[in-house]
Amino acid sequence: MTRRVPVPAAKLPQAGGRALFEFENKSLALFNVDGDVFAIDDSCPHQGASLCGGRLDGKVIQCCAHGLRFDLRSGYLLNSTQLKVNNYPVELVDGQAFIVIASEESAP
């Protein structure tokens, strides 16, 4: 089952911006890179540091705790497929943004 979680307009970052979006028991970091919005878990899979405040370089976020760099498009650590932060598609429908979250059962 797939859920579409609406993002309040105040939480949708403008171009070049970022925002922390919390719902239920999830904390997501949202990034707007050149008009494309990316959503990832706001917790580095290494030791749990927040990624929202990390250094953004194009579509790569760097964890401020230990410097690990993740591709916002795939969630994977750069140059590796061994470590990944959960990432979620963002859909824009009639000006409303939705984060698409697949349930554990339907995830590939």
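Here are some questions and answers about this predicted model.

User: What percentage of the residues of the chain count as buried?

Analyst: A residue needs under 20% relative accessible area to be called buried. The chain exposes about 6,300 Å², with carbon and sulfur atoms supplying 48% of that area. Of the 108 residues, the buried ones make up 36%.

User: Which domain does UniProt list for residues 4–99?

Analyst: The span is 45% strand and 0% helix, and its end C-alpha atoms lie 6 Å apart. The name itself comes from the record, an unreviewed UniProt entry. For residues 4–99 that entry lists "domain: Rieske".

User: Which element gives the largest share of the largest nonpolar core?

Analyst: This core has 14 residues, and those with the most contacts inside it are Phe31, Ile40, Leu51, Ile61, Phe70 and Leu72. Two elements, strand S3 (26–33) and S4, each give two or more residues to it. The largest share is three residues, and it comes from S3.

User: Is Asp41 buried or exposed, and which side chain does it join in a polar contact?

Analyst: Asp41 lies in strand S4 (residues 36–41). Its relative accessible area is 16%, which is under the 20% cut-off, so Asp41 is buried. Beyond four places in sequence, Asp41 touches residues including Lys26, Leu51 and Asn86. The polar contact spans 2.8 Å, and the partner side chain is that of Tyr88.

User: Is Asn32 buried or exposed?

Analyst: Asn32 is found in strand S3. Its contacts, not counting residues up to four places away in sequence, are Pro13, Gln14, Ala15, Gly16, Gly17 and Val37. With a relative accessible area of 7%, Asn32 is buried.

User: What is the C-alpha to C-alpha distance between Ile99 and Leu30?

Analyst: Ile99 lies in strand S10 (residues 96–102), and at 0% relative accessible area it is buried. Setting aside neighbours within four places, Ile99 is in contact with Leu30, and also with residues including Phe21, Ala39 and Tyr88. Ile99 and Leu30 are 69 residues apart in sequence, while in space their C-alpha atoms are separated by 9.8 Å.

User: Where is Glu24 found, and what is its phi?

Analyst: Glu24 is found in the loop between strand S2 (18–23) and S3. At 61% relative accessibility, Glu24 counts as exposed. Its phi is positive, in a residue other than glycine, with a value near 45°.

User: How far apart are the C-alpha atoms of Asn25 and Val7?

Analyst: Asn25 lies in the loop between S2 and S3. With a relative accessible area of 84%, Asn25 is exposed. Asn25 and Val7 are 18 residues apart along the chain, and their C-alpha atoms are separated by 15 Å.

User: One more from me: is Asn79 buried or exposed, and what is its phi?

Analyst: Asn79 is found in the loop between strand S7 (69–71) and strand S8 (87–88). Its relative accessibility is 86%, so Asn79 counts as exposed. Although Asn79 is not a glycine, its phi is positive, at about 60°.

Conventions. Residues are numbered from 1 along each chain as its sequence is written. This is a predicted model: local features need pLDDT of at least 70, side-chain atom pairs count only at pLDDT 80 or more; totals for chains, interfaces and linings use all residues. Side-chain values use heavy atoms; hydrogens and water are left out. UniProt positions are given in the numbering used here, feature names are shortened, and annotations may be inferred rather than shown by experiment. Helices (H or I, at least four residues) and strands (E, at least two) are DSSP runs, numbered from the N terminus. Buried means under 20% relative accessible area, exposed over 50%, partly exposed in between (1.4 Å probe, protein chains only). A polar contact is a pair of N or O atoms within 3.5 Å; within protein, one must be able to donate a hydrogen and the other to accept it, and residues adjacent in sequence count only if both atoms are side-chain atoms. Contact means heavy atoms within 4.5 Å. Accessible areas come from the Shrake-Rupley method with a 1.4 Å probe; for residues, only the protein chains shown count as cover. A nonpolar core is a set of buried Ala, Val, Leu, Ile, Met, Phe, Trp, Tyr and Cys residues joined through side-chain atoms within 4.5 Å.
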